[in-house]
Amino acid sequence: MRSNLDLHLAAVRNLGILAHVDAGKTTVTERILYATGTTHRRGEVHDGTTVTDFDPQERDRGITIFAAAVSCDWDGHRVNLIDTPGHVDFADEVERSLRVLDGAVAVFDAVAGVEPQSESVWRQADRHGVPRIAFVNKLDRAGADLDAAVASIRERLHPVPLVVQLPIGTQDAFTGVVDLLRMRALTWDDGSETAVEGDVPQALREEALRRRRLLEEAVAERHPAALEEFCDRETLSAATLAAALRDLTHTGDGVVVLCGSAYRNRGIEPLLDAVVAYLPSPLDVPAVRGMHEGVADAHEGREGAEGAGEERPADPAAPFAALAFKVGATSTGRLTYLRVYSGTIEKGATVWDASARRTERIGRILRVQADRHAPLERAVAGDIVAVIGLKSARAGTTLCAPDAPIVLEPPGVADPVVSVAVEARRSTDTERLVSALARLAEEDPSLVVRTDPETGQTVLSGMGELHLEVAVEKIRRTLGLDVNVGRPRVTYRETVVRGVSGLVFRHVKQDGGAGQFAHVVLDVEPLGTQDGFASGTQDGFAFRSAVVGGRVPQEYVRAVEAGCRDALAEGPLGGHPVTGLRVTLTDGATHVKDSSETAFRTAGRLALREALRGCAMALLEPVVEVTVTVPEDAVGAVLGDLAARRGRVTGSSVRGGAAVVTATVPLAELFGYATRLRSRTQGRGAFTARPTGYAPAPSPALAP
């Protein structure tokens, strides 16, 4: 028999809402809050009245930028929900959210089906092993097709979709759904708050029975207990079907598919019922695994260390362990968002920050409702809460009981791809800007702030143009700082196309006392290319010695290699890092008194610089794979624009009445592309981009 604590945990659902931009994630979240009585009016994205898109920039732009946590109650269950961004620039927010969630609802557009970013977030959920159910939204739109959307889910995401509903009516005439488990119709009249349950319409009865049969067969194929009942009775009871669907959802062997129209408030109650029925509670997911602090230090930087850790069960009586997944500054103080995996934490308690190796005191514990908070006395295993009072915690920090330290695996952080130079318009604001940038990087680990050692500029790097634009605008709005922003810069590389051989370099320095002498002979050649990209060793550089007879001692050979690596920092074309070359030390000479490692390192650096000036060099620029989704009538304009940006089209297809074009485009040509694409497609186009490497740049780019 379950204890009261187990019963509490069994009634908890921690889930995220995942989707492509404009698939209706935030509207689904708003309708869930409304249906559960958490809010008393329906928030609308276009009116800027949503609960979860509370940031002024989110309301101005009409998109979700920051993951927002809310809580609600449904049918005796506590649902902790995170509305995640759908834009590719904010994929890191999704990554951090998925790390702490037990389940997810993937929202798909009934017209477009699987879109580029919905595919990306699906793959992210796959990596974290998060069970999902699918909700096909916007069935009231022209061109909506549930079967086509399900087919795109099957073909592009490769799960086994288990459709448990049949739409009643299409497009504007969409009024409800048939529940295929209970074989009952649920309909919503315009303006009605709840569904009206009734018999399946006679015109749909035969189709409903056919789909119920297909559902039973699909479940029986994959679930042993269901197969046994199906063989005995040639059918499945609703209870058996529901239990099997829950098991298949937990194992990932199937994905329950529901449908509706969130904007019209149709299909939300059945979706909530499905969340409770099929998605796991904290008790249903594997116990979180971590490493003891000392073991974590020994394995720092290593992956896959087996058998070195311990598990913490989802038990309020176990030692406390939680993971911080988001940090934010608000008017109430510095908020740290936690997923509590085990144990109990109370207001005023002392915890151990395993990352900073210091104790922290929990000042307050808050139940989060987006930008509103309700105080709590304690939080227990399975809860997602925010706390005030932590000074050093960052996203990915493990908090645990001081007498039972443990380090949990933090969320991964993607490398930034675009940079801008940022400076305060008034020199007196420089210190404030530095402080604001540091706070931004603390709140969002995918933002990186650094100072260029050559130019002295402050450089802000992030996941895309919109990401940086939002970050800079946040500084302007919250602090009132006037900020100058330079054009986003990309990192070029230089490579050797045709090398030189037998370059002789003699380094002699005599200025009183011990002198410096080093004599080296170098060959420089391309390391090798593959499909136009620099390849070879991991860092694009190989060094070997062909010196015979001990003319250059081994310790001096290592010094020459170190000097050559020093020279790779700046190439002769534009001072960019050099990659894709092999250097061979063929000969050299030493002096009995004046030769040293320092002298040979200097000789190696200066010799390679001279050799590179004699080589035929080429500039490499970063390229990205772009997936553009546009209406078919806009394909011509989009292809022309991609060609003007030196893009190379690699594929095209048609899905759900929209054209999907894939192309390889230089990253430098993508700045401003989002605005250009929207103007060419009347706001109906979208694109995603992922870095793929470097390719030779044309001659005009030699002086970027």
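## Helix α7 and its neighbours

α7 passes α8 in a left-handed crossing, where left-handed means that the near helix is turned anticlockwise from the far one by less than a right angle, and right-handed that it is turned clockwise. The model is predicted: local features need pLDDT of at least 70, side-chain atom pairs count only at pLDDT 80 or more, and totals for chains, interfaces and linings use all residues. Residues are numbered from 1 along each chain as its sequence is written, and side-chain values use heavy atoms, with hydrogens and water left out. Helices (H or I, at least four residues) and strands (E, at least two) are DSSP runs numbered from the N terminus.

The axes of α7 and helix α8 (residues 224–233) cross at roughly 125° and come within 6 Å. Axes here are lines fitted to C-alpha atoms, for helices over the stretch in contact, and angles run from 0 to 180 degrees between N-to-C directions. On the α7 side the contact (heavy atoms within 4.5 Å) is made by R213, E216, E217, V219, A220 and R222, and on the α8 side by P224, A226, L227 and F230. By class, the contact of α7 with α8 has 6 nonpolar, no polar and 4 charged residues. Ala, Val, Leu, Ile, Met, Phe, Trp, Tyr, Cys and Pro count as nonpolar, Asp, Glu, Lys and Arg as charged, and the others, Gly among them, as polar.

## The α7–α9 packing

Helix α7 (residues 202–222) also packs with helix α9 (residues 238–251), at an angle of about 55° and with the axes 10 Å apart. These two helices are therefore oblique to each other, and α7 passes α9 in a left-handed crossing. From α7 the contact takes R212, L215, E216, V219 and R222; from α9 it takes A238, L241, A244, L245 and L248. The residues of this contact of α7 with α9 divide into 7 nonpolar, no polar and 3 charged.

## Two buried strand residues

P167 is in strand β7 (residues 165–168) and counts as buried because its relative accessibility is 16%. Buried means under 20% relative accessible area, exposed over 50%, and partly exposed in between (1.4 Å probe, protein chains only). Not counting residues up to four places away in sequence, P167 touches L139, L146, F174, G176, V177, L204 and C259. L204 is 37 residues from P167 along the chain, with a C-alpha separation of 9.4 Å.

A658 belongs to strand β39 (residues 658–666) and, at 15% relative accessibility, counts as buried. Neighbours within four places in sequence aside, its contacts are T629, V630, E632 and S653. A658 and T629 are 29 residues apart in sequence, and their C-alpha atoms are 6.5 Å apart.

## Positive phi in two loops

H158, in the loop between α6 (146–157) and β6 (161–163), has a phi near 65°, a positive value in a residue other than glycine. Its relative accessibility is 59%, so H158 counts as exposed.

R646 is not a glycine either, and has a positive phi of about 65°. This residue lies in the loop between α16 (635–644) and β38 (648–655); with a relative accessible area of 33%, R646 is partly exposed.

## Whole chain

The protein chain has 17 helices and 40 strands. Of its 704 residues, 52% are buried. Among contacts between residues at least 6 apart in sequence, 71% join residues at least 24 apart.

Technical notes: Angles under 35 degrees count as roughly parallel, over 145 as roughly antiparallel, 65 to 115 as roughly perpendicular and the rest as oblique.
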